[in-house]
Amino acid sequence: MNSNSRLRIALTKGRLQDRSLELFERLGLDCGPVRAPGRRLVHPLPNYPLDAVLAKAPDVITYVEHGVCDLGIVGKDTILEKGGAFYEVLDLGFGACRFALAVQEGSDFYGSYRTRRIASKYPEFTRAYFEAKGMDVDVIKIEGSVELAPILGLADGIVDIVETGATLKANGLVPIETAARVSARLIVNTASMKLYKEQITDFIEKCQAGLEAAV
Ligand code: PRP
């Protein structure tokens, strides 16, 4: 919360951004300043005591963990990868997709004893997933278009977000396991939750009501 008693929320840029603003607008919040941001990075909402910032998903967690933002909206995929100390208070339902293990069509992933190599933008999650299965794998961190790794012969499989499955299909890959279901979550800084309990509880309840109204 800033000196004007306004809460601050970090929203994940990109896919989740529009869905977050749609939810806020359903609650009656004027999101005009966020929709037409110009060069400013902090956007005070005119009719609700909330300032919004847009950030990359891992930064949303960093800002909330450090308490420079009281609240955040971020995908469960990033939470599973990065972890951190904050409260995850609400599953917002949108941004629903899954973490899948995918391989090249026709390849027999479990067919040999040699150590498999997995490429992923989510190496920590991937390591933990295979460790829980008791399987030793080499994980290679890739920053984007991870589907290329098996095509180029860098990896035997990938662990990545699958929403429609179109990207896998277009690249001759097939999902063979679902590792986790993910969606957008509302997170809260632990100290803010205590210090501004009333304002934050109000906001959570508002979001909850907005989600129920949308069903
Ligand atoms: C994600 C993911 C896949 C794609 C899956 O990437 O890494 O590439 O979406 O979606 P689909 O199942 O609907 O085809 P994203 O578009 O978020 O881009 P990124 O590589 O920059 O993370």
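**The sheet and its surroundings**

Mentor: In this predicted model, an open sheet is built from six strands, arranged in the order β2-β3-β1-β4-β11-β5, and the pairing among them is mixed.

Trainee: Which strands stand at the edges?
Mentor: Those are β2 (42–44) and β5 (87–91), and because each has a single partner strand, one side of each is left without a neighbour in the sheet. On average, neighbouring strands of the sheet are turned by 25° against each other, with direction ignored.

Trainee: And in what sense do β5 and β11 pair?
Mentor: β5 pairs with strand β11, residues 184–188, in the antiparallel sense, over four bridges. Within β11, Leu186 is the bridge partner of Leu90.

Trainee: What about helix α3, what does it touch?
Mentor: Helix α3, residues 57–66, packs on the sheet and touches β1, β3, β4 and β11, its direction making about 150° with that of β4. Helix α1, residues 15–26, lies across β1 (7–12), β3 (50–55), β4 (71–75) and β11, and runs at about 140° to β1.

Trainee: Changing topic: where is Ser192 found?
Mentor: Ser192 is in helix α8, which covers residues 190–195.

Trainee: Okay, is Ser192 buried or exposed?
Mentor: Ser192 has a relative accessible area of 4%, and since buried means under 20%, Ser192 counts as buried.

Trainee: So what does Ser192 touch?
Mentor: Leaving aside residues up to four places away in sequence, Ser192 touches Asp70, Lys197 and Ile200. With Asp70, the side chain of Ser192 makes a side-chain to side-chain polar contact of 2.8 Å.

Methods:
Residues numbered from 1 in each chain as written. Predicted model: local features only at pLDDT ≥ 70, side-chain atom pairs only at ≥ 80, totals over all residues. Heavy atoms only, no water. Helix = DSSP H or I, 4+ residues; strand = E, 2+ residues; numbered from the N terminus. Buried < 20%, exposed > 50% of the residue type's maximum accessible area, 1.4 Å probe, protein only. Polar contact = N/O pair within 3.5 Å; in protein donor to acceptor, adjacent residues only side chain to side chain. Contact = heavy atoms within 4.5 Å. Pairing = 2+ DSSP bridges. Axes fitted to C-alpha atoms, helices over the stretch in contact; angles between N-to-C directions.
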